[in-house]
Amino acid sequence: MKKDWKLPSLKAAQIRTPQEAAIERSLFALDPQARSLGVGRRYYIHTYGCQANERDSETIAGILEAMGFTAALEETDADLILLNTCAVRKNAEDKVIGQLGALKRMKRENPDLIFAVCGCMAQEEDIVDLILKKYHQVDLIFGTHNLHRLPQLLTQAMLSHERTVEIFSKEGEVIENLPVRRFGKHKAWVNIMYGCDKFCTYCIVPYTRGKERSRDPEDVLAEVRELKAQGYKEITLLGQNVNAYGKDRASGYGFAQLLRDTAEIGVERVRFTTSHPWDFTDEMIDVIASYDNIMPAIHLPVQSGSSEMLKIMGRRYTREEYLTLFHKIKDRIPGCSFTTDIIVGFPNETEEQFEMTLSLVDECQYDGAFTFIYSPREGTPAARMQDNVPAEVKSRRLQQLNEKIAFYAHRNNEPYLGRIVTVLVDGPSKKNDQVYSGYSETNKLVNFTAEHAEPGDLVQVRITEIHSWSLNGEKVEQPEPEIA
């Protein structure tokens, strides 16, 4: 390995200091060499994982297009292939490693092809070590804190024909004024903060994304105003722990205020993700309830229904506190839909503790859930625990949980039959181009028939058929919906 490579350190990534993160507002500029580097060349981005990675890929695409690159429709047509990776689950890492293996053939056939790996996996020491030793077709590796340095790094990799590696493990800063190429035409992600300070014992995100650091509210609101002027109908305020916004700054301006100010700009739909129960305040609930354009759909991760498990997981709330919050939101925001995250098979989880998770699902009756079998993340406290729940027990618990989630999802959809909902059209259905699809205000997937509909249209749809994970219907001409 080259001594001047900047490699990741999970130990360094744990450090948290009381200083506010710096906000860098320098205008994005390229030197002449970087500005022309991509002329006549095409790029292709594989994006894995969460919405934060999707948003990062939009910035990567914006930077590349500023360098003269154009987007390729297929990776086989690309001169540059980037893998923007996720480290939250082991299966996400396995997908990337599998993809790296599959790309070896392309490099043999075209030695000038450039491969880059970035994102959260690039912040993990063992993964970077594996790539450096085994996957020699990878030309460039850079981390989540190095995204703004892509022009310099890519220039070095392409012109020197030598592997380039730069990964900063630090608290991080806020970089403004980077170019962006939005992948959607009527929905947009808006980062309001970066990083996480919760350090749940199973989670690698605080190490790969750095400390919680909030953007200035005026920068966020200016971006929302620009998106509205461009015709965007829905924006999602985005952060690893979105409702901790502002807690890292002395101004006292928090997420509830930002949510209110965003709603008052007048975008048709406002959403946010992902929220942590610890930071969900009464003021937030009041703001959501007060604005019709803040969508009544809350993702409220619980992870376990057992207070003992929640303590071991480092979640900072008990079962009782979570349920108190859940019912408070449900009572004050009528018609609100709820989704959650749940892990089964965490170290030492007993059958009784798993049954407590099932009973919590019975009480909350979620509209949907992301459910996972626990997988150790190297470098986290949980990875040092004995993974002592047998694989067959984990699989059985996941199946039981998923059956219960599906039961309530279907039952929650039953009242929609015959009702009219407002749908933001995404476009023709992926399964049938004679059918359109989009989402209701409560974030239900709706497939519907219509003589004509355009992506970005807000249309009224009468529901004619229900399923656990979607609704079917037909477009109707009606000025006001009967239900969200």
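Before the details, a word on conventions. This is a predicted model, in which local features need pLDDT of at least 70 and side-chain atom pairs count only at pLDDT 80 or more, while totals for chains, interfaces and linings use all residues. Residues are numbered from 1 along each chain as its sequence is written, and side-chain values use heavy atoms, with hydrogens and water left out.

Helix 14 covers residues 351-364; helices here are DSSP runs of H or I with at least four residues, strands are E runs of at least two, and both are numbered from the N terminus. From first C-alpha to last, helix 14 reaches 20 Å, close to the 20 Å expected, the expected span being 1.5 Å times one less than the number of residues.

Its buried residues (under 20% relative accessible area, 1.4 Å probe, protein chains only) are Gln353, Phe354, Thr357, Leu358, Leu360, Val361 and Cys364. They lie on the same side of helix 14 because they cover an arc of only 155 degrees around the axis, taken from the directions from the helix axis to the C-beta atoms. Their cover includes helix 12 (307-313), helix 13 (319-332), strand 15 (337-344) and helix 15 (391-413).

I turn now to Tyr322. Not counting residues up to four places away in sequence, Tyr322 touches Leu360 and Cys364, and its other contacts include Tyr366, Pro277 and Thr340; contact means heavy atoms within 4.5 Å.

Methods. Buried means under 20% relative accessible area, exposed over 50%, partly exposed in between (1.4 Å probe, protein chains only).
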